Amino acid sequence: MVSRYNYPVAYFRDEFELEYRQPEIVLGRFREALALFRSEIPPFDPKTGERALVFRLGLHLHTLFRPMIVDSEYDRNIRDNKRIRELFEIRFTDFENQQIGQILPKVPNSYPAPPSTRRSIKGDRIYPDLIVHHRRYNDNNVLVVEVKKSKGNPIAIHKDIQKLKGFTQPDYGYVLGIFLELSLIEPRWLAFTEGELNLDLSYWPRPVPKA
């Protein structure tokens, strides 16, 4: 079978079904890429900009996820723009409110969002930091990653989490969404599957309180 975009869809689907429908396997590949990123010599300066760090992480994801494609800030959805029109309406569950409220900077968890935030998300084009997929159709959407350096803006962090919840819901159907706090000392992440926070796949150790 060949798609109308001349992609061997059957091949991709067979490959995809073997491995990448399982979020645990996708997470394992992501962790391998993160380990390779952290082992680069010479290491990154802590003040390195976020985009440079995302680019290097993307290169390692590309190596580990072949024959999938890794794109950065890719704004296309088949032949349309990538949007989550109802992103503004995405709610955190009570469980997520409890967990996220304990581990992320506090923001007013009220809806609707302030006008400045609302303009930036409702119906606008969305540019995820990294995605693992195949272009021009949504059957093989594997991994979406949003990255923030430590001490990121709280409103931007919560917006990223809303996007990950949306991307892992059926419209896009990404198998795994990752919010990555990319500290060069100890990266940590929150995982999202089927539109919800998945603590079993997350790694978010709490800082040790100062004596």
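Tutor: Start with His 133, which is buried at a relative accessible area of 3%. Buried means under 20% relative accessible area, exposed over 50%, partly exposed in between (1.4 Å probe, protein chains only). This is a predicted model: local features need pLDDT of at least 70, side-chain atom pairs count only at pLDDT 80 or more, and totals for chains, interfaces and linings use all residues. Residues are numbered from 1 along each chain as its sequence is written, and side-chain values use heavy atoms, leaving out hydrogens and water.

Student: Which strand is His 133 found in?
Tutor: Strand β4. Strands (E, at least two residues) and helices (H or I, at least four) are DSSP runs, numbered from the N terminus.

Student: New topic. How many salt bridges does the structure hold?
Tutor: 5. A salt bridge is a side-chain nitrogen of Lys or Arg within 4 Å of a carboxyl oxygen of Asp or Glu. One of them joins Lys 163 and Glu 146, at 3.3 Å, N to O.

Student: Why does that pair tie together parts 17 residues apart in sequence?
Tutor: Because Lys 163 lies in helix α6 (residues 154-167) and Glu 146 in strand β5. Both residues are buried.

Student: Which residues are linked in a network of salt bridges?
Tutor: Glu 146, Lys 148, Asp 160 and Lys 163. Lys 148 and Asp 160 have their closest N and O atoms 2.6 Å apart.
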